[in-house]
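My entries follow in the order in which I worked.

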Amino acid sequence: MARLFRSLRKTLTLTLTHQFQHQPCISRRSYISDMRKSAFEGNILRLLRNEIQYELQSSPPNNPVTKFNSFIVDGRAGERWITLKRQYADEDIKLEVTMFDGAVPAPTPTPNGGVVNSDEMQMHITVIVNISKGEGRVLEIMCSAWPDSIEIKRLFIRANEKIIAEPYAGPEFTELDDELQDKLYDFLEVRGINDELAGFLHQYMKNKDKVELIGWMERVKSFIERK
């Protein structure tokens, strides 16, 4: 995308400068005023078409999947979130998942058993897990999805989804007893919220990122083409 905007600025500058220098002085102002709209539109449309073609030819996106294991996937086209839903026993489970919202250096094991940060980056996805039973309280668990793992950050109980007031969110997850932490990971595991899901989300978001980029460029192009 940076290439698109750099090319756009350069093309518009050269086009308008050339047109200005080759017009009689008496008509330069009106000529530039008349040509400005078509100059902007023509160059933007050309660059957008080139970018769309490049994205489609270099690595065309796949059709978004609508199901993963027991979850129904709502891709929410045009948004930065997706939603996954399933039922487990008497529970309604809903996951609100962002597109990539951060990156950190990827940890790399060392020969002596330690871990260091590598030059490669790993992307981060935020996952908000809501587990409810009927009209009662909702257990909300804030998680991070890394390329190969789910990490619990915090959890709390709130009255229901309509309550706006900010609830007490409890301690940081890492401050809890180690055994309790393990049991809470087991709690999510049996509900299908696990490392396999994390891997799926990263693959899904890579595809969604491309789909949304192409869709955005198509919408901009359609708007400019509209007469």
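**Entry 1: terms and ground rules.** Before looking at any charged pair I wrote down that a salt bridge is a side-chain nitrogen of Lys or Arg within 4 Å of a carboxyl oxygen of Asp or Glu. I noted that this is a predicted model, in which local features need pLDDT of at least 70 and side-chain atom pairs count only at pLDDT 80 or more, while totals for chains, interfaces and linings use all residues. Residues are numbered from 1 along each chain as its sequence is written, and side-chain values use heavy atoms, with hydrogens and water left out.

**Entry 2: overview.** I counted 4 helices and 8 strands in the protein chain, taking helices (H or I, at least four residues) and strands (E, at least two) as DSSP runs numbered from the N terminus. Read from the N terminus, the order of elements is α-α-β-β-β-β-β-β-β-β-α-α. Of the 227 residues, 36% count as buried, where buried means under 20% relative accessible area, exposed over 50% and partly exposed in between (1.4 Å probe, protein chains only). For contacts (heavy atoms within 4.5 Å) between residues at least 6 apart in sequence, I noted that 51% join residues at least 24 apart.

**Entry 3: salt bridges.** The structure holds 12 salt bridges, and I looked up several of them. Which residue pairs with Glu-55? The partner is Lys-210, with the closest N and O atoms 2.5 Å apart. Glu-55 sits in helix α2 (residues 28–58) and Lys-210 in helix α4, so that this pair links distant parts of the chain, 155 residues apart. Are the two residues buried or exposed? Glu-55 counts as buried because its relative accessibility is 12%, and Lys-210 counts as buried at 16%.

I then turned to Arg-76, which meets Glu-79 in a salt bridge of 2.9 Å, N to O, and also meets Glu-96 in one of 2.6 Å, N to O. Arg-76 lies in the loop between β2 and β3 and Glu-96 in strand β4, so this pair ties together parts that are 20 residues apart in sequence. As for accessibility, Glu-96 is buried with a relative accessible area of 17%, Arg-76 counts as partly exposed at 21%, and Glu-79 is partly exposed at 36%. I also recorded a network of salt bridges that links Arg-49, Glu-218, Lys-221 and Glu-225.

**Entry 4: nonpolar cores.** I used the term nonpolar core for a set of buried Ala, Val, Leu, Ile, Met, Phe, Trp, Tyr and Cys residues joined through side-chain atoms within 4.5 Å. The largest has 31 residues, of which Leu-84, Leu-95, Val-97, Val-127 and Leu-201 touch the most other members. At least two residues of this core come from each of several elements, among them β3 (81–88), β4 (91–98), β6 (115–132) and α3 (178–189). The largest share, 6 residues, comes from α4. Leaving out residues up to four places away in sequence, I found that Leu-84 touches residues including Phe-71, Leu-95, Val-97, Phe-200 and Leu-201. A second, separate core has 6 residues, including Leu-48, Ile-52, Ile-214 and Ile-224.

Entry 5: β7 and β8 run antiparallel and are joined by 9 bridges; two strands pair if DSSP finds at least two bridges between them. A hairpin connects β7 to β8 through 2 residues. Trp-146 has Ser-149 in β8 as its bridge partner, and Val-138 stands opposite Arg-158 in β8. Of the 9 residues of β7, 8 are buried.

Asn-130 counts as buried because its relative accessibility is 7%.

**Entry 6: helix α4.** How far apart are the end C-alpha atoms of α4? They are 45 Å apart, which agrees with the 45 Å that its 31 residues (195–225) should span at 1.5 Å a residue, the expected span being 1.5 Å times one less than the number of residues. At the start of α4, a side-chain oxygen of Asn-194 comes within 3.2 Å of the backbone nitrogen of Glu-196.

Definitions and conventions:
A polar contact is a pair of N or O atoms within 3.5 Å; within protein, one must be able to donate a hydrogen and the other to accept it, and residues adjacent in sequence count only if both atoms are side-chain atoms.
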